[in-house]
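Student: I have a new model open and want to go through it residue by residue. Please put it up.

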Amino acid sequence: MSTSELLRWVATKATRSTRDDFDALLARTDFTQVAGQLLQSGTPPEKRTALRGLRELETPEARALARLALRDDAAEVRAMAAGALTHSRDEADWQALLVALDDADASVQHAVMDALARMDPATTSALLLERFGHASTSEQLLALITAQRLRLPDAVALARQGLASPTATTRSAAISLLARQTEEETDGLLLQALTDGAEDVRVEALRALSRRVRVPTSVFVPLLSSATAQVQELALQALVLRRDTSACADIARLLEAPSPSLRRSAIFATGYIRCAGSTPTLLELLARTRAEDERVDLITALSHLGSPEAWAALRGQLLDPAPRIRRAAVSAWTLATAPRDATRLLLERLREDPDAEVRMAIALALAESGRREGARALHLALQDAAPEVRRMAVRTLGRDTRAEAHQALREHQATERDPEVLRELATALDPRQASGNPGAPAERPLFDPAGTGQCVAEWLASPAQHPATDRVYFYEGGHLEHLDAHGQLHALHYTVTGDQLHLQAEDAPERRTAFTVAPMPPTAGDGDAPHRFRLELARDVLTGTDTPRALFCVQAERPDTAPGNGD
């Protein structure tokens, strides 16, 4: 196969499967010559493949061909040509990129800015600053994005010019750039942006300021009276982070807000900040509201406030007709600050509550509380009428390294009749899973309920739209990352007990939910496609909305053993 034929063939293959072929192509002595010919007469994919190779060669001849490609008819080729010059230090390459900076296509401008900034950050930063005033809106946005991504030295000066733009989109981009600079330089600019005429700009500035611990509470309190609920909610979040009780009176006014979302945020804030004066209002809301989401939040807030009046009301919530409300009350009564008779009440409800999920929540809560009654609760759960409760008890006792737990499982195995529970017992008692102790099954270092065996389990909100939608990564060691659809990364700690997933964000109350995992049936024509699994969360503990949430896992592709198919 000639070099020209090999290059055309590589250009038609998926990039991930051509590394060996590509290396063979670069090893051809006439590659540069053939690449030059195809850059004149080839198709765009062939030109991109040629430029990919020229970028790796980094020879004077390769860079000269890339400079010529900066004038190609196809924007994708011009952008690729700019990328091929990224690591150059040649003056001719710099000058060619300066000319290409005036390209009409935004993707080319972006690639050129990136190449220039990597070649000489300081000079490029000054150049972007000089051009900014008379640049198009598109170029201004790209300049701000490049300065943010590559941390260019004149970033603050560039952002100042961006804030003077008549276009709200440009001002928002300038705020995003300022948000990543040091506080001393930019706090004043962000505070000024809170009065911007565009709500998007105000919101972006508010988000940036809320993450800065030096910004005082007094900045956010007036924003609680904003005309827009979004600004009010962001101000509430900032006040929650500061835990300043001086804001309690202003927060309490939002407990009667017409927006359910805003009310719930205010309820959470009063409990988290410990606004003791809000207890009467919270109790009144609990007595009259029928919305379960709001009642769950009220129970949580009242449990944090912990007055005698609050606990008296929460005692009644253990008997509420709604199972979800009873589960929330169970969580409240397991707090260390609960009254002294909390354990007695919970054990009583473990025997009498009609809902299996509530009984399971009680047993798990007592088992995790560290109280001596935790083992008693699990032994009661082993005798529960519902198989799912017994399965949870078996899983939890299976992680207990004490001999008493192992003995309880052995005794229960003789009387158990449910096949699923028996399988759990066999797993819990399997000595091959033990670490020097036959009653201590190996810990799962990674939450991998689909059994993919990967070192990190990635779950998607929508596999068909990946990576545009939410992604959740469960890492070994209890670390979880939630990347939402807006590109915001949230880090949490997770643990798994039985069928319960527990999440803990820094300086935030624990959130927990029941979960189930089921393999998704193959569709027609799937063939040997990777297995897919559905993770169903009873509550969306990732965002705290308390509605069910489904995530999907696509198992890593199995190795292809057929000859000639490797990368």
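Predicted model: local features only at pLDDT ≥ 70, side-chain atom pairs only at ≥ 80, totals over all residues.

Student: What is the relative accessible area of Arg214?

Tutor: It is 49%, so Arg214 counts as partly exposed. The classes are buried under 20% relative accessible area, exposed over 50%, and partly exposed in between, with a 1.4 Å probe and protein chains only as cover.

Student: OK. Which residue forms a salt bridge with Arg214?

Tutor: Asp187, with the closest N and O atoms 3.1 Å apart. This pair links distant parts of the chain, 27 residues apart: Asp187 is in helix H13, and Arg214 is in the loop between helix H14 (199-210) and helix H15 (217-220). A salt bridge here is a side-chain nitrogen of Lys or Arg within 4 Å of a carboxyl oxygen of Asp or Glu. Helices are DSSP runs of H or I with at least four residues, strands are runs of E with at least two, and both are numbered from the N terminus.

Student: And Asp187, buried or exposed?

Tutor: Buried, because its relative accessible area is 12%.

Student: How many salt bridges are there by that rule?

Tutor: The count comes to 36. One of them joins Arg131 to Asp102, at 2.7 Å from N to O. Arg131 sits in helix H9 (residues 121-132) and Asp102 in the loop between helix H7 (91-100) and helix H8 (106-119), so parts 29 residues apart in sequence are tied together. Arg131 is buried at 15% relative accessible area, while Asp102 is exposed at 54%.

Student: Which residues are linked in a network of salt bridges?

Tutor: Arg264, Glu292, Asp293, Asp297 and Arg324. Within that group, Arg264 pairs with Asp293, the closest N and O atoms being 3.8 Å apart. Arg264 is in helix H18 (residues 260-273) and Asp293 in helix H20 (residues 292-305), 29 residues apart. With a relative accessible area of 17%, Arg264 is buried; Asp293, at 23%, is partly exposed.

Student: New topic. How many helices and strands does the protein have?

Tutor: It has 28 helices and eight strands. Of its 567 residues, 48% count as buried.

Student: Which residues of helix H3 are buried?

Tutor: In H3 (residues 31-41) they are Phe31, Val34, Ala35, Gly36, Leu38 and Leu39. Their cover includes helix H1 (3-11), helix H2 (19-26), helix H4 (44-57) and helix H5 (60-69).

Student: Between H4 and H5, what is the place of Glu58?

Tutor: Glu58 is in the loop between those two helices. Its phi is near 55°, a positive value in a residue other than glycine. Most residues other than glycine have a negative phi. At 43% relative accessibility, Glu58 counts as partly exposed.

Student: What about phi of Arg243?

Tutor: Also positive, about 50°, and Arg243 is not a glycine. Arg243 lies in the loop between helix H16 (229-242) and helix H17 (248-252), and is partly exposed at 45%.

Student: Last one: what share of contacts join residues at least 24 apart?

Tutor: Among contacts between residues at least 6 apart in sequence, 54% do.

Note on methods
Residues numbered from 1 in each chain as written. Heavy atoms only, no water. Contact = heavy atoms within 4.5 Å.
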